[in-house]
Amino acid sequence: MECCSRHVPMERAARYSSILIERFFKFDVRNESDFHDWKIEGENFEYINVPYFELIDGVNSVIDRLPKEKEVVVVCAKGGSATFVAEQLVEAGFDNIYTLVGGMKAWSEHLHKAKVYEDDKMKVYQFIRVGKGCLSYMVISGKEALVVDPSRFIDVYEQVAKEEGVAITHIVDSHLHADHISGGKALAERTGATYYLMKSEGAVFDFEPLEKHDRIDFAQVQLEVLAVKTPGHTPGSVSFFVNNQLLFSGDTIFVGGLGRPDLGGKAAEWVADLYDTVYEKVAAIADDVIVLPAHYANLDEEMSKAGYIGDTLGNIRARNDMMRYKQKQEFIDIVVQNANTETPPNFEDIVAINRGLKAVDIEQQQELEIGPNRCALHHTR
Amino acid sequence: MIQVNLTVDAKGLSCPMPIVKTKKAINDLEPGQVLEVQATDKGSKADIKAWAESTGHQYLGTIEEYGVLKHYIRKATDSETKKETKFPNVVSNEELHNQMDDPSALILDVREPAEYAFGHIPGALSIPLGELEDRINELPKDKTIYVVCRTGTRSDLAAQKLTEKGFTNVWNVVPGMSQWNGPLDTAQS
């Protein structure tokens with residue numbers, strides 16, 4: 001069979017992911033249950049789902065359901081089946097067929113690098129995990145780099161550090177993650193960087209407890225990193241306030257919501273912490289500070305004009321009534337009423353791995369992380 | 001070891017090849033025969049199951065041994081979907097459930113060994129329909145024999161065969177394992 005399907009290169013797919021989502025008609029050839037569990041989502045979403053194994057003898061059953069004018073991207077789990085189906089469609093006369101290279105697995109693992117900020121003291125990159133909605137960061141100052149909430153794809157951060165000619169010296173996790181496996185420990189082992197995490201989050205390996213640090217010291221005096229304890233999403237959640245300009249807010253504040261306080265099974269206790277965090281600690285931070293969270297829910301809505309996920313604290317507060325004018329009991333009642341009953345897939349296993357209580361191989365890590373992110377409370381809409 | 005009619009090696013192959021090979025192989029089987037598909041692609045389990053459901057073949061189960069997934073599928077048969085049975089002595093699943101502990105009763109499971117392996121009535125003797133004639137001496141003549149299969153069709157034929165060979169106290173269990181709500185043993189954990 002001649003291969004003549006075009007591929008959507010991942011880099012392009014990620015950079016223009018909003019375009020990918022809007023411009024392409026999606027033809028998902030995975031089995032129906034995998035498709036319903038987790039798929040590429042977006043506004044103006046057009047797709048059909050027919051499993052590839054129903055198309056082994058030919059694609060006649062679907063050709064009437066695919067557009068001829070609009071570009072079609074064929075999506076599968078790892079890429080092979082999409083190519084198999086795409087080749088048949090091209091043979092059937094379609095000239096508008098693309099495949100998603102590496103499938104949903106690559107979609108889940110790809111990190112897109114966006115520049116967030118640069119002045120004469122520091123440069124900040126955001127790494128957008130498009131398929132999962134996770135965000136991590138690198139703050140570069142002088143010859144040192146701080147990595148915030150690294151994903152397990154640690155070679156990406158090492159590569160960027162190399163390109164920038166800096167050493168990764170500090171790594172922080174804003175909290176114990178429940179939706180993805182942290183790369184913090186592995187990256188610290190590879191680079192010799194100091195890895196900071198709140199001891200109260202329950203990790204059992206060696207790290208530098210943030211309980212002992214209100215600030216993280218860099219060799220460069222220009223970079224001031226304050227570790228602001230912001231409990232709520234988890235009791236040991238920390239936000240990092242850099243040079244009074246940027247707030248790495250972890251899962252405490254998102255562009256469109258607040259971190260959900262119910263994943264630990266103690267919603268009533270943690271939601272009171274969340275209230276105090278928002279109405280005492282965050283209320284004291286200025287409106288022009290840029291908030292850089294650990295997740296987003298909707299790429300199109302939450303992406304700034306500059307191409308990264310984030311907004312000023314003033315804008316976020318203005319849109320979110322939950323961050324203003326609420327009495328404590330009212331806040332608690334609303335959060336409890338709106339509690340999402342769905343938890344992130346496999347979150348108990350992922351939490352155990354991030355605490356160092358459990359170790360699994362790469363393949364199992366991939367399996368555990370497959371699926372949507374569900375860490376936010378979206379009660380702002 | 002689960003006895004099968006044909007084994008397909010799809011180890012090391014990724015999607016869509018395990019299903020493509022499965023589909024090809026199943027064409028070479030007679031209806032009712034069992035196929036084993038060996039694969040290493042983890043995604044093959046959900047896909048084989050979904051494919052079997054969409055095509056009407058019977059997905060029996062999957063076991064994992066040393067990183068290899070072994071999927072078992074029984075090729076669909078037309079006759080089993082028709083509910084025609086000829087053998088006059090019939091008991092329901094519930095009646096059999098009540099007789100299970102009777103020491104003078106023997107449950108004979110005439111499904112394929114792979115079907116038996118993924119779930120059978122505790123204590124049931126496994127002799128596939130195709131081997132019944134050769135192994136008929138294994139059966140005691142002084143016991144009540146309840147013959148069971150998936151839907152009651154193969155057990156109907158087996159019951160007729162037993163009567164022909166001089167067994168007098170034979171009952172066909174209808175509908176059989178497809179609707180069995182009682183206790184189950186599996187060869188696989």
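In β4(B), B:Ile73 is the bridge partner of B:Leu35. The two strands concerned, β2(B) and β4 (residues 68–74) of chain B, pair in the antiparallel sense over six bridges, where pairing requires that DSSP finds at least two bridges between the strands. Strands (E, at least two residues) and helices (H or I, at least four) are DSSP runs, numbered from the N terminus. The model is predicted: local features need pLDDT of at least 70 and side-chain atom pairs count only at pLDDT 80 or more, whereas totals for chains, interfaces and linings use all residues. Residues are numbered from 1 along each chain as its sequence is written, and chains are lettered from A and ligands numbered from 1 in the order in which they are written.

Strand β2 of chain B spans residues 34–39, and five of its six residues are buried; a residue is buried if 20 or more other C-beta atoms lie within 10 Å of its own, exposed if 12 or fewer, and partly exposed in between, with C-beta atoms placed from the backbone. β2(B) also pairs with β1 (residues 6–10) of chain B, in the parallel sense and over five bridges. Within chain B, B:Asp9 stands opposite B:Gln38 of β2(B). Between β1(B) and β2(B) the chain passes through helix α1 (residues 17–27) of chain B, and this β-α-β crossover is right-handed, that is, the path from the first strand over the helix to the second runs clockwise with the strands pointing away from the viewer.

For chain B as a whole, five helices and nine strands are assigned, in the order β-α-β-α-β-β-β-α-β-α-β-β-α-β along the sequence. Of its 189 residues, 38% count as buried. Contacts are defined by C-beta atoms, placed from the backbone, that lie within 7 Å. Of the contacts in chain B with a separation of 6 or more, 68% are between residues 24 or more positions apart.

B:Lys86 is located in the loop between β4 and β5 (90–92) of chain B. This residue counts as exposed because it has 9 C-beta neighbours inside 10 Å. Apart from neighbours within four places in sequence, B:Lys86 is in contact with B:Asp156 and B:Gln160. The C-alpha atoms of B:Lys86 and B:Leu157 are 8.2 Å apart, at a sequence distance of 71 residues.

The contact between the chains takes 16 residues from chain A and 13 residues from chain B. On the side of chain B that touches chain A, α1 and α2 (44–55) of chain B each supply at least two residues, and the largest share, five residues, comes from α2(B).

Notes: Contact = placed C-beta atoms within 7 Å.
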